[in-house]
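This report walks through one protein model, region by region. Please keep the sequence and the 3D view at hand while reading.

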Amino acid sequence: MSKFASFINADEKFLIYSQPLLELKEGEILVKNLCTSICRSDLHTYQGKRIEKSPTILGHEIVGVIEAFGPNASLNDFNNAPLKAGDKITWAIYASSPEDEFSMADMPQKAKDLFKYGHEKITDTSHFHGGLSEHTILKKNTLIIKLSQDLPNEIASLINCSVATVAGAVRLAGNIQNKSVSVYGTGMLGIIACAMVSKMGASKVIAVDESAERLEMAKQFGATEICLPTDALQQKVDIVLEFSGANEAMQNSIRMLKIGGVTIWIGAVFPQSDIPINAEYIIRNLLTIKGLHNYNNEDFLNAVNFMEMNYTFFDFEKLIKKGFSLDEVSEAFEYAIAHNPFRVSIHL
Ligand SMILES: [Zn+2]
């Protein structure tokens, strides 16, 4: 038996059930979940700002330990390290066929047969695929990486959404060394971005946010300067990483760039109105705008390496409100909405 929180919709929310685990199929691995952090997109679903097929099991920022291997499951991780029961692992949010045309083009998160943890409907044959559950059944073709046992669970849970997405944004931005970087929006992803680009040798890291409290936090994670959105246009930088998803922020990000600059848009993952863009300004200033949704295999690997190397350098634990159990999942979501901490984690 395994306990899980079934999510119906924004009106009916969570119901806690215990059901027998499904028998493992070809290539599957059973994981005992240790900790799940509530991502912003989980909150959007909970509040009805985005709609998932339901009933579903939300939660995709997860860390767990291997409990059992299904028939012909891989016994090695993405780094070719051997896997065994009891190993602490993280896994990519997506499972998709490596032969898919988008997977082959390094965009596995857009493959046609995409399976996405924390976003799938519970059916008779597909179950235990989200983090608000005692177990996850990992599908064949899931990218798995073994973690150091010392990496605290709350921090490890951030890797497969927040950290990997930031790693993707940084990859798209190109060489960071000696570049001035603005991080627009200092929620969890923005804070991680400050930490990552500062470690990669950015000459300046300018955090932009309307919250003085968040800007103060950004300084503790590598930001060298802080700035309110109302003053953002006074900055001129090589790179803007836009995590807020606000219309004004994306427009500002273009005007903040030096000649030849690049802005990466990551935040706007909820319904948006169109924004005006001046084509002549972009052409004459040789600017680049790129969008990023989720991340690819390389980003995931870079995210693991970044956290393994830096979790003692930056105090990520102070960003996480701990102490909720699976039975308290509704309280945890209500707390996250009312108090807006960087992350709330559920212990499983
Ligand atoms: Zn997420």
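Two residues are in contact here when they have heavy atoms within 4.5 Å of each other. The model is a predicted one.

**Strand β7 and H135**

H135 lies in strand β7. Is H135 buried or exposed? Its relative accessible area is 7%, and buried means under 20%, so H135 counts as buried.

Two polar contacts involve the side chain of H135. One, of 2.7 Å, joins it to the side chain of S2. The other, of 3.2 Å, is made with the side chain of E67.

In a regular strand, side chains alternate between the two faces of the sheet. Strand β7 covers residues 135-138, with H135 and I137 on one side and T136 and L138 on the other. These residues are all buried, and both faces of the strand are covered. Strand β3 (residues 29-37) pairs with β7 in the antiparallel sense, over four bridges. In this pairing, K32 has H135 of β7 as its bridge partner.

**The open parallel sheet**

Six strands form an open sheet with parallel pairing, in the order β11-β10-β9-β12-β13-β14. Its edge strands, β11 (225-227) and β14 (288-291), each pair on one side only. Neighbouring strands in the sheet are turned against each other by 20° on average, direction ignored. Within the sheet, β9 and strand β10 (residues 204-208) pair in the parallel sense over five bridges. S182 stands opposite I206 in β10. Helix α6 (residues 212-220) packs on the sheet and touches β10 and β11; its direction makes about 165° with that of β11.

In helix α7 (residues 247-255), the residues A249, M250, N252, S253 and I254 are buried. What covers the buried residues of α7 includes β9, β12 (237-242), β13 (257-265), α8 (279-284) and β14.

G185 is in the loop between β9 (180-184) and α5 (188-199). G185 is buried, with a relative accessible area of 9%. Beyond its neighbours within four places in sequence, G185 is in contact with G190, V208, D209, F243 and S244. From G185 to G261 there are 76 residues in sequence and 19 Å in space, C-alpha to C-alpha.

**Nonpolar cores**

The largest nonpolar core has 60 residues, and those with the most contacts inside it are L241, I264, F300, F316 and L319. Not counting residues up to four places away in sequence, L241 touches A169, V170, A173, V181, S182, V183, Y184, A193, V197, I264 and I266. Apart from this core lies another, of 23 residues, among them F14, L24, I137 and A336.

**Backbone details**

Most residues other than glycine have a negative phi, and most peptide bonds are trans. The table lists exceptions in this model.

| Site | Backbone value |
|---|---|
| S54 to P55 | cis peptide bond, omega near 5° |
| N80 | positive phi of about 70° |
| F128 | positive phi, near 55° |

P55 is in the loop between α1 and β4. P55 is also among the residues touched by S6, which has its place in strand β1 (residues 2-7). At 2% relative accessibility, S6 counts as buried.

N80 is in the loop between β4 and β5 (88-95), and F128 is in the loop between β6 (115-116) and β7. F128, at 0%, counts as buried.

Definitions and conventions. Residues numbered from 1 in each chain as written. Predicted model: local features only at pLDDT ≥ 70, side-chain atom pairs only at ≥ 80, totals over all residues. Heavy atoms only, no water. Helix = DSSP H or I, 4+ residues; strand = E, 2+ residues; numbered from the N terminus. Buried < 20%, exposed > 50% of the residue type's maximum accessible area, 1.4 Å probe, protein only. Pairing = 2+ DSSP bridges. Core = buried A, V, L, I, M, F, W, Y, C linked by side-chain atoms within 4.5 Å. Polar contact = N/O pair within 3.5 Å; in protein donor to acceptor, adjacent residues only side chain to side chain. Axes fitted to C-alpha atoms, helices over the stretch in contact; angles between N-to-C directions.
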